[in-house]
Amino acid sequence: MFGRRTLNRVEQMLDEAISGEFQEADYDESRLSRLESRWKQFLEYSSISRANLEKEKENIKSLISDISHQTKTPMTNIKLYVSLLSENLEAEEESPQREENQRLLAEIGRQTDKLEFLIDALTKMSRLESNLVEVRPQREEIGSLIAETVQEALLKAEKKEIHIQQLFQGEMYAIFDRKWTKEALGNVLDNAVKYAPNASTVTISVTEYGLYTAISVKDEGPGIREEEIPKIFGRFYRAREMHKEEGVGIGLYLAREILRKQDGYIKVNSAPGQGSEFQLYLKRQ
């Protein structure tokens, strides 16, 4: 139906468009067949759309960076003023007003920490959703990843007398981006410590399967109702019974998105009163 020359030209246009090298000026409209001309117009529109998307992506990237940068200074200043005011109150004589001021100041500090955490989480979420984060999976050792993540969770665990038990031995490897996978595992472990009762145990284990290696984080917390399980990985979702604990409902969503970008996934096994087990699956090859 179409001549060999026409098909070759159409194929050449498509190859150049895929590689991002298509240039309208390379093709003389008067020398093209009707099919080639229509194909050229389509690729021109596609090139323009791609250019607009790239420009929009850069604008979003710049906006997110500006928001992150502009909020850091005032948040740091607020925390500094809270610290200075706290020191001044400590130096004052005992009085009912002093005690109330200390309570209010502590609440300001707590809310500031919560706001700082929220801004940081929203920034990470926006970068992931806008594909501004470049996840670079490579072969990494899992034991050291877990050790670093556990170390950062110890202070919060010790406050609740929670023991973090690690049940795995030897070197095990998988394909993952160390920085972002640590973020995902850290979010899951933080939830385990947050919702587990005092003086309980959080257990971390590793299982190697054919295609994946799974990191398991198991707690002795209140568990999750079956109808809640499909919802817990949504943005800002928090079960009603969990509202008494600090949080914004982004941690599990971020964990799922980070693993998804590495061709991995996350599963949960849980039931009310029986704790929860989250399994993070990382590709082995």
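**Exercise 1. Determine which residues Thr149 touches, not counting residues up to four places away in sequence, and whether Thr149 is buried or exposed.**

Step 1. Thr149 touches Lys182, Leu185, Gly186 and Leu189, leaving out residues up to four places away in sequence; contact means heavy atoms within 4.5 Å.

Step 2. The model is predicted: local features need pLDDT of at least 70, side-chain atom pairs count only at pLDDT 80 or more, and totals for chains, interfaces and linings use all residues. Residues are numbered from 1 along each chain as its sequence is written, and side-chain values use heavy atoms, with hydrogens and water left out.

Step 3. Thr149 belongs to helix H4; helices (H or I, at least four residues) and strands (E, at least two) are DSSP runs, numbered from the N terminus.

Step 4. Thr149 counts as buried because its relative accessible area is 4%. The classes are buried under 20% relative accessible area, exposed over 50%, and partly exposed in between (1.4 Å probe, protein chains only).

**Exercise 2. Describe how helices H4 and H5 cross, and state which residues make the contact.**

Step 1. Two packed helices are described by the angle between their axes and the distance between the axes.

Step 2. The axes of H4 (residues 142-159) and H5 (residues 178-195) come within 9 Å and cross at roughly 35 degrees. Axes are lines fitted to C-alpha atoms, for helices over the stretch in contact, and angles run from 0 to 180 degrees between N-to-C directions.

Step 3. The H4 and H5 crossing is right-handed, that is, the near helix is turned clockwise from the far one by less than a right angle.

Step 4. Among the residues making the contact are Ile146, Thr149, Ala153 and Lys156 of H4, and Lys182, Leu185, Gly186 and Leu189 of H5.

Step 5. By class, the contact of H4 with H5 has 8 nonpolar, 4 polar and 6 charged residues. Here Ala, Val, Leu, Ile, Met, Phe, Trp, Tyr, Cys and Pro count as nonpolar, Asp, Glu, Lys and Arg as charged, and the others, Gly among them, as polar.

**Exercise 3. Identify the residues with the most contacts inside the largest nonpolar core.**

Step 1. A nonpolar core is a set of buried Ala, Val, Leu, Ile, Met, Phe, Trp, Tyr and Cys residues joined through side-chain atoms within 4.5 Å.

Step 2. The largest such core has 37 residues, and Ile146, Leu189, Ile215 and Phe278 have the most contacts inside it.

Step 3. Elements giving two or more residues to this core include H4, H5, strand S5 (212-218) and strand S7 (276-283). H5 gives the most, with 7 residues.

Step 4. Apart from neighbours within four places in sequence, the contacts of Ile215 include Ile146, Leu185, Ile204 and Phe278.

**Exercise 4. State where Ala199 and Asp263 lie, and give the phi value of each.**

Step 1. Most residues other than glycine have a negative phi, and most peptide bonds are trans.

Step 2. Ala199, although not a glycine, has a positive phi of about 60 degrees. Ala199 is placed in the loop between H5 and S4, and counts as exposed because its relative accessibility is 54%.

Step 3. Asp263 lies in the loop between H6 and S6, and its phi is near 60 degrees, a positive value in a residue other than glycine.

**Exercise 5. Summarise the chain: how many helices and strands does it have, and what percentage of its residues count as buried?**

Step 1. The chain has 6 helices and 7 strands.

Step 2. Of its 285 residues, 37% count as buried.
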